[in-house]
Every structure is written in C-alpha cells, then in structure tokens.
Amino acid sequence: MHWINWVIVAVYLLVVVVDGLRRTRGTKNLEGYFLAGRSLPWWAVGLSVMATQLSAITLIGTTGQGATDGLRFVQFYFGLPIAMVLLGVTIVPFLHGAKVFTAYEFLEKRFDAKTRSLTSFLFLLSRGMSAGTIIAAPSVVLSAIFGWDLTWCVLLIGVPTILYTVIGGVEAVAWADVKQMVVIVGALFAIVAVLVMRLPVPLDDALRIAGSTGRLKVFDFSFTLTETYTFWSGILGGTFLMLSYFGTDQSQVQRYLAAKSVDEARSSLLMSAYWKIPLQALILLIGVLVFLFYTFTPAPMLYNPRHDAALREQQPAVYAGLEARYTAALAARDQAAREAATVQGDAPLQVFREQNAALDGVRKEALDAAAAATGESSRDVNYIIPRLVLDHLPLGFAGVFLAAVLAAAMSSIAAELNSLSTASVVDFYQRWVKPEGSDSHYLAAGRVATAIWGVFAMVVATYAATLGSLIEVVNRFGSFFYGSILGVFLLAMIKRTRALGAFVGLLAGMGAVAAVSFGAPQVSFLWHNVIGAVVVVVVGSALSFGRGEQDERPLRAG
Amino acid sequence: MSHFQSTLVRVLVIQVMTLALLWLLQSRYTA
C-alpha cells in the first residue's frame, strides 16, 4: 500500500486516540465514566448507537454479500424502525426514569437480585466472547490481505481502542463513534462515486444486467419459517431481534442511558430508525456495484489471497486447470455482458445469465478445492471489497477505507468493553463483593475492568481460529437467551407480574428456544427471539397471576 | 408536539421513501 494511504490511517488513529485521552474531564466519578454524567445530546447518542452496531464485518462482509447475493439481505432490517418506536414508548422511559447504570439493575428494582444477576451474567458470557470475534474478523482479513501476523493486526485494532476506552470512558467512546461514523459514511459514498464512474456502460444498462441475475430483488413475500431473509421474517422476527438487541443489551442500552432526558434518549433511537435501512441498502448496493465492476474488469478466481496461494502451491495441476477454465468463462461472460448492455431485449440477458452461472460454477469448484486444501472455510466474500479497494481504487482511497474498517471495528469493540466493564462493576462487584466502596474506588474498578475485558477480547481474537467451535457454541448459546431476556423486560412492563414468574419464565424461555434449536434446526434463528420472548411472557404471567403471595414491586416510568 | 413525535413523523416519511425507492429499483430491473 502507498505511503500516503498509511499516513491517512495514522492520522485517523492519532485523532481518535488523542481526542479520547483529552476527554477525561467528565470522568471524575462513576456516573461520568459510565454514563457521561447523563449529558450527551440525542444526535451524538444516535450516531454512537449506529456506529456500535456497524462493525467492521458489516462493512466488508455485507458489501461482499451484496456482490454475491444482492439486495435481499436488507429485509433483515425492516423490523428495526418498528422496534425503535416501540422501545421509545415502552422500555426507554422505564430505564431512563429508573436512573440505573445497567438494564439488569432495573430488573432487581422491579423483580429481584437473582433475575438481575442471571441476565447480567448471560450478557457478560455472550458479549465477552463476541468482543473477541469482533476484533478477530477484521484482523483475519487484514492479516491475509497485507500478509501480516494475526497478532499484530489484533494489537493494531485492540490497543488504541482499549487506551481511549479505559481513560475516557463512555464520553470518549461516544464522541469517537461520532467521528468514526463520519469516516465510515464518507468512505462509503466515495466508493459509490468511483464505482459508478468506472462503469464502462451507462448505469441504467449496468443495473439491467445486475437485475437479470436477481441481485436487485429486494422483497420476498413468501411466508416460511426456514428462509431467513423474507419480508415477514424481517418485519416480525427482525422486530423481536432488534427489540432484544436495542432494548436489553447493555452495549446499546448504555448509550441512551447517557442521554440528557427521556425525550433525547428516544430521539437518539429514532436516529437509528431513520438511517439504518437506507445505510444498509447503500452498503448492499455497493456490493452490487462491485459485482458490476468485476463484470467488466477481470475478477480474481479466489479473493482470499492466502487461500489462493495455498491452493496454487499444494495442488498446482488442479489450480492451473481451474484457472484456465475460469479465464475462459470470464472472457465469455465479459462478452455476454457487453452484448447485453448494448442490445436491448431478453435474449442477450439470458445469455449473460447462463455465462454468469457457468463462471459461478467454476468459482464454486475453486472455493471447494481451496477449502479442502487449507482445511478451513475461505469466507471469500469478506475479501471482495478489500481487494477491490487495494487493487483498483485511486490513491488515498485505500487509506480512507482502511481507516473506515478500523473505525467500524473500534467503535463496536469500545462499546462492548465499556458495557462489559459497567455490568461487571455495577451488577457484580458493587452488588455482591463491595457494596460500600467510595465513588473513586468504583471508578478505578471500572477502568481496571475495561482493561481486563480488553485484554481478554484480544486473547480470544488471537486464538479465534483455534477457538472457532467454542465461539460457535457460545454464539449459539447466546441466541437461546436473547429473546428470553426481552421477555423478562416485557414482563416487567406488565402490572402485578412477580419475581418468581420472571425467573422461572426466563429459564422456560431459554429451554423452549434450545428445544426448537435442536429439535427443529431448520427454523430460522430470527424466529428464536419471538419464541423466547413469548414463552417468558406466557409462563411468567401464568405463574405471577396464578399464585397468592405478593412480592410485586411496581415501578413508574420517569 | 414533542421532539420525539416530530422525529417519529420524519422517520415514517424516510422509511416509506426508502421502501418505495427499493420497490422501484426491483420492479424496473428485475424480470
């Protein structure tokens, strides 16, 4: 990569870290460190929520998905605006009004300590591991693209993030998120502009070609429990997933607890509601434009350079055979694409579709051969956009793009570390170990906890390849309780529900999702959250209203 | 009207416009 690109990356890192280090004024006490003194404006909180959710793998993986699969993934986000509006009128006023540090603390005020501790523990378990995978995913890509050692990539992303998160607390995290969001969106628009200008045919004709392969098909109205990306799974399953994520996950809740007022907290969530679908559509559209770019420019057979080299070295004859067939198929598709762009009608598009399918067939064989040679899935889709940026975009773009990838990774990790630290200190250390400590003592504990979680995440990231199956187990376990925790919060909104109902309901919800997950694995994971939440509310309500004793602790919204 | 309510109206408008644009894109270019 050219030195100018490295200068851009260095300037970005310097600005984010130095600004984070400067924001220590508000971190004299625990509320300042974890909640920025509940003083942030709605638009900063909103951008922070969006930056947290937009991880590096969204940036590189989703564009790759757009290139190979088209726009239909955007349906996954259809429930998001609905969830944000529902949260704005339900959970947000309760949480903000309760003046809590964590979402789980609210559950002790409403139910009891064991429900709080269990939900907080489940959060720490799943998010602790996912912080590692959030660092690992872009590190693996950077390591393969630049040929660096994985550990150095993990350190490049992890160390600056830990530094400004430990020192500046949530205020540094939120303001860094704002800058990171600007870098990310700027990079996306720049890439769109370059890709459109580089098309050798008019955009309208190019889109006709993309459309002929089904990549511009957005809406699928079929109602099936087994297909993940349909209009209905997005609207229903997506709403429950987003309700769980934004309503009960501390990494998100902590953002809007830092807002000045309930109205500002709600408005910050609506900012995500505003922009998430258009932004996600833009990211996928970039993928479609990348597909079109590589339709008229020779595309690599394998985008993952490490897998390409491994296959070439280990099975030179197989590689040469595949490469010859791939080159021929590429030339045939190129000719068909140019014909389809200039000649109107369905016949040339049909020829293009056939040639494109033939090319995909050869590429699939190459991917399978590479996977067999290396013993691992190539995740080739994650390498499409980095290769395009490095190989084809003008000078400076690679620097901006790399800065955007680092920004996306850092903003997500910072939020995870900050929220993991908050839950550890407030829900466990302060609650069970040392309830009578001074504010400065807890502030120091918060900093130590952030650093420990940061180091833990980097260790997990470094060993992510070997920990692969363990991480999958934890992620799968995580999907068992996401919807169930939402169910507990919904139960908290219902008058006269009780602690026993909440705790047993939570266990029943998790059990139900586990049963569906193992008993009917074909049911898409988007429906797991719906099942979990509904079971908790039904079981919890039945137990609450079916028993005589009262242990109700009503709580008013603020 | 509170800030939340006025933002809510704008959210609805943007979502409808985005979905309409995606629908137009699909119906124009997908057979």
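Modeller: Helices here are DSSP runs of H or I with at least four residues, strands are runs of E with at least two, and both are numbered from the N terminus. By that scheme, A:Phe480 sits in helix α20 (residues 468-493) of chain A. Bear in mind that this is a predicted model, where local features need pLDDT of at least 70, side-chain atom pairs count only at pLDDT 80 or more, and totals for chains, interfaces and linings use all residues. As for labels, residues are numbered from 1 along each chain as its sequence is written, while chains are lettered from A and ligands numbered from 1 in the order in which they are written.

Back to A:Phe480: it has 21 C-beta neighbours inside 10 Å, so it counts as buried (20 or more other C-beta atoms within 10 Å of its own, placed from the backbone; 12 or fewer is exposed, in between is partly exposed). Leaving out residues up to four places away in sequence, A:Phe480 touches A:Met510, A:Val513, A:Ala514 and A:Ser517, a contact being two C-beta atoms, placed from the backbone, within 7 Å. Take A:Ser517: it is 37 residues from A:Phe480 along the sequence, yet the C-alpha atoms are 8.1 Å apart.

Now widen the view to the largest nonpolar core, which has 202 residues. A core is a set of buried Ala, Val, Leu, Ile, Met, Phe, Trp, Tyr and Cys residues joined through C-beta atoms within 7 Å. α13(A) is its biggest contributor, with 21 residues. Domain 1 (3-293 + 393-546) and domain 2 (305-374) of chain A both supply residues, so this core lies between them; the domain bounds come from an automatic or database assignment. Among the residues with the most contacts inside the core is A:Val405. Beyond its neighbours within four places in sequence, A:Val405 meets A:Ala56, A:Leu59, A:Ile60 and A:Pro138.

The two domain centres, taken over C-alpha atoms, are 36 Å apart. Each domain puts nine residues into the contact between them. On the domain 1 side, α8 (113-146) and α10 of chain A give two or more residues each, and α10(A) leads with five. That side divides into five nonpolar, two polar and two charged residues. Here Ala, Val, Leu, Ile, Met, Phe, Trp, Tyr, Cys and Pro are nonpolar, Asp, Glu, Lys and Arg are charged, and the others, Gly among them, are polar.

α10(A) turns up again where chain A meets chain B. That contact takes 22 residues from chain A and 16 from chain B. On the chain A side, α5 (79-89), α10 (203-212) and α13 (262-296) each supply at least two residues, with α13(A) giving the largest share, nine. By class, the chain A side has 13 nonpolar, five polar and four charged residues.

Chain B itself has one helix and zero strands, and its C-alpha trace spans about 45 × 5 × 5 Å along its principal axes. Of its 31 residues, 26% count as buried.
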